[in-house]
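Trainee: I'm new to this one, so could we go through it slowly together?
Mentor: Gladly; have a look first, and then we can start with the terms.
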Amino acid sequence: MDWDNCKANISMKRYRHTFKYENTDVLTLTIIYPVINIPNNQISEAIINQQINIQISDYYMYASNKLYDLAVETYKDSQVNDFPFRQFEAYMEYTITYNENGYLSLYVDKYEYTGGAHGSTIRSSDTWELCTGTHIPLYCYFKPETNYKELLIKEIIRQADENMKSDVPPYFDDYRKLIIENFNPNSYYLTPEGMAIYYQQYEIAPYATGIVVFTIPYSIIGWHPECLC
């Protein structure tokens, strides 16, 4: 097989369920997820799909137990205190960001609304080599002697400095300090343009800015997606 041109076949699926209490809808759960097919490589296909299925199962268990219990408690309080109940929402969506040259990369956003002015979103991500099903940590993209954290943070701060020149600065005043403190080597995914490093809501910016993403060109990293098989 020509792994240099290898990509997975991906079909997106949707699961939706509404949880009730006393005939009232208290929580809606939506999961949009990929099913991965890798031609002539059932082992890698099974490894990647199993990891995705575990994530989905864990989120379903969280929503159907902890989040549902909280929704029921909030609903009961609303009845006792005679104020409106706003239905809870849990939403999990996978987005494929890179699927070429034997690499598959994606991120997962988990949005929850549990009352109040707005909900919150948490992002996670995964990257695999399709030929082996191996999950790739961030350090693997750099030579052993490279201080990859320093290299990435330097470029992130450079981009952030430029973004802060806008009419409405998007980050907190102490964004440079927060960029360093909240750097997470697990918070990355691949794109055609480069490696995306992201920060969660509130880590370096107010809610309105959302999840902040910095794309680091592959030329800076000194690596480019080319199959290692």
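Mentor: Buried means under 20% relative accessible area, exposed over 50%, and partly exposed in between, with a 1.4 Å probe and protein chains only. This is a predicted model, in which local features need pLDDT of at least 70, side-chain atom pairs count only at pLDDT 80 or more, and totals for chains, interfaces and linings use all residues. Residues are numbered from 1 along each chain as its sequence is written, and side-chain values use heavy atoms, leaving out hydrogens and water.
Trainee: Okay, is Asp82 buried or exposed?
Mentor: Asp82 is exposed, with a relative accessible area of 72%, and its phi is positive, near 55°, although the residue is not glycine.
Trainee: And where is Asp82 found?
Mentor: Asp82 is in the loop between helix H1 (42–81) and strand E3 (88–100); helices (H or I, at least four residues) and strands (E, at least two) are DSSP runs, numbered from the N terminus.
Trainee: Switching topic, how many salt bridges does the structure hold?
Mentor: It holds seven, where a salt bridge is a side-chain nitrogen of Lys or Arg within 4 Å of a carboxyl oxygen of Asp or Glu. One of them joins the side chains of Glu155 and Arg158 at 2.9 Å, N to O.
Trainee: How are Glu155 and Arg158 separated in helix H2?
Mentor: They are separated by about one helical turn, because they lie three residues apart in helix H2 (residues 148–163). Glu155 is buried at 8% relative accessible area, whereas Arg158 is partly exposed at 45%.
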